[in-house]
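Below are my notes on the model, as numbered points. Please read them with the structure open.

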Amino acid sequence: MSAEAATHAAARTVPANIAATFAPMSARRLLIFGGIALIAGGMLFGDIFAVFVLHQNGARTGEGLLAVAQAVAARNPAAVKDEFEGVGNLLEDRGTKIDTHVHMTDAGYLALLLALIQPYVALSRQTKRQLARLFIAGGAFLPLGIFLIHYVGLAHSPFAAIGWASVLADSAGGLLIVALFGQVWGLWKHFRSVRAGTVEPELPLENSWARRTLLTGGIVLVLLGFLHGAWYAKTYLYEHEARETRILTTILNEAAANRIPTAAQSVNDYGTLQAEKAVMIAAHSHLIEFGLLAILLSFIQPYVFLSDDWKQLWVKLLLTGSVILPVFVLLELKIGLLAGGIADVGGLLVIIALVGMLAGVLRYSGRLDGEAGVAG
Amino acid sequence: MNSARKLLIFGGLALAVFGMLYGLHYALFVEHQTLDRMGGSLAEAFVQAAGGNGDGAVGALDSYTNTKYVYVRQVDVHSHWIGMAMIMIVLGVVFDSVGFAESVRFWIALALLVGSVIFPLGVLLQTLQNGGAVPSALAIAGAALVTVALGAVAVGFARQSS
């Protein structure tokens, strides 16, 4: 074997100290796979929602509000109530989809976070595995239940105000809480015990380019998100609240005076204001979430079984997408739907990078299990 | 585990549990009523306007504005406490990679913890004392502490990398 081939082969062998931290079907492995899958799924859902639902929903909400104004002009309180019901329905549609996206990705973040603290959870392997399964199941069914709330409603429900989809979501939330309490119990046991070391090996902390870049990039993204949030709160929060009251007052007054064109203009202003608020909050929250994601992914880099070139590509793609999405979400107010499209591409870059890293972790698992002779 | 890491991980866990319990309490006992009041008062404003009752419309709109002011801040407080807690726990795992002396790392961790607690607390107090100086000062001081601490962590990571 040539020297180059020997070096290559050595690089493709899983080091024993790292292999010990990633045992087959261990809690950590389940949480890492499940966590990345939930984050990628949640982000894909968010991208689809942004492209196919968000703007259409906003336009229909504006139409609904205009219909309310027209009902006011016609002095028809019953029609006002009917139209408001329609607007409420649209807001529920939008709200449950945003909640689906947020809960799926956040459950993924929490799963990765739990994977990090497994060395400090003083429970048996079997119990830790069960808790990890419970957590991933809860993280999958909670967003599913939330998504279905709008479509299932109260159909066949024995309850007055809670539908079956809410029951599913609440039950899944219960699973998450049970799993989290189990983890906290394990942590408590660990730190109460006199045991000097951890209950299983800590995550290997390599000093690779990928890890350093994700760590530094992640903290910079969190910092930028925080600064943006502070700037928004100082500059726009109160102004937006005051403007909303002004616009609603104008709609009411103009509609009551039967000046529909002016009321319609104010309905447009209301839509613009909602868009301004939405992009500010989306930019703030996505910067911080992508920063957190980058930091979390820096920990699992030793498990991404790919060449350095591929690992660097996924890191660059992830950080590029993490900047493009919030920046172009903000620019949507200035350059319109083109910016929205570019922001969606940014989200797609993050998803591709995540799937690329997940493929690397899958390869790693296959390699590890192959070396250990694990079947199935 | 050194004191800075302990402070971040246990402080973060405690803050996360507190934030979740606060959110659970709010969701179970306050949120539904608040949302009903908010949606109801906005609809009522338009119904009153349709019925020709201008004063009733203005009153209902005021009620909507005040309810929403509190609702937005309550939700923000809950999510910011939990969000800051998650960042603290994650940073706690990797805090040894921050390239400063142990004592400096401890002060950065303490600034993160204190800022993460008092920044949302200030926002929460704004719902009790709208426009009050103390709540605003707390929120600004907390946000400034977190910002400076995060900046220091970024510099620390960069120092370690270089």
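**Notes on the two chains**

1. The helices H1(B) and H3(B) cross in a left-handed manner. Helices (H or I, at least four residues) and strands (E, at least two) are DSSP runs, numbered from the N terminus. A crossing is left-handed if the near helix is turned anticlockwise from the far one by less than a right angle, and right-handed if clockwise.

2. This is a predicted model, in which local features need pLDDT of at least 70 and side-chain atom pairs count only at pLDDT 80 or more, while totals for chains, interfaces and linings use all residues. Residues are numbered from 1 along each chain as its sequence is written, and chains are lettered from A and ligands numbered from 1 in the order in which they are written. The pLDDT is the predictor's confidence in each residue, from 0 to 100.

3. To return to the pair in point 1, H1(B) and helix H3 (residues 102–128) of chain B pack at an angle of about 15°, and their axes are 8 Å apart. H1(B) is therefore roughly parallel to H3(B). Axes are lines fitted to C-alpha atoms, for helices over the stretch in contact, and angles run from 0 to 180 degrees between N-to-C directions. Angles under 35 degrees count as roughly parallel, over 145 as roughly antiparallel, 65 to 115 as roughly perpendicular and the rest as oblique.

4. Which residues make this contact? On H1(B) they include Leu7(B), Leu8(B) and Leu15(B), and on H3(B) they include Phe106(B), Leu110(B) and Leu113(B). Two residues are in contact if their C-beta atoms, placed from the backbone, lie within 7 Å. The contact of H1(B) with H3(B) has 10 nonpolar, three polar and two charged residues. Here Ala, Val, Leu, Ile, Met, Phe, Trp, Tyr, Cys and Pro count as nonpolar, Asp, Glu, Lys and Arg as charged, and the others, Gly among them, as polar.

5. Chain A has 10 helices and zero strands. Its C-alpha atoms fill a box of roughly 85 × 50 × 35 Å, taken along the principal axes. Of the 376 residues of chain A, 42% count as buried. A residue is buried if 20 or more other C-beta atoms lie within 10 Å of its own, exposed if 12 or fewer, and partly exposed in between, with C-beta atoms placed from the backbone. Among contacts in chain A between residues at least 6 apart in sequence, 81% join residues at least 24 apart.

6. The average pLDDT of chain A is 88, and 92% of the residues score at least 70. Over residues 6–11 of chain A, however, the pLDDT is below 50, and this stretch has one contact in the model beyond near neighbours in sequence. Where pLDDT is low, the predicted coordinates should not be read in detail.

7. Within chain A, helix H3 (residues 27–73) and helix H7 (residues 209–256) pack at an angle of about 40°, with axes 7 Å apart. H3(A) and H7(A) are therefore oblique to each other. Their crossing is right-handed. Ala69(A), Val72(A) and Ala73(A) of H3(A) meet Ile251(A), Ala255(A) and Ala256(A) of H7(A). This contact of H3(A) with H7(A) consists of six nonpolar, no polar and no charged residues.

8. Two loop residues of chain A deserve a look. Arg75(A), in the loop between H3 and helix H4 (77–117) of chain A, has a positive phi near 55° and is not a glycine. Arg75(A) counts as partly exposed because it has 14 C-beta neighbours inside 10 Å. Asn258(A), in the loop between H7 and helix H8 (260–299) of chain A, also is not a glycine and has a positive phi of about 60°. Asn258(A) counts as exposed because it has 12 C-beta neighbours inside 10 Å.

9. How many residues does each chain give to the contact between the chains? Chain B gives 32 residues and chain A gives 35 residues. On the chain B side, H2(B) supplies the largest share, 12 residues. The residues on that side of chain B divide into 22 nonpolar, 10 polar and no charged.
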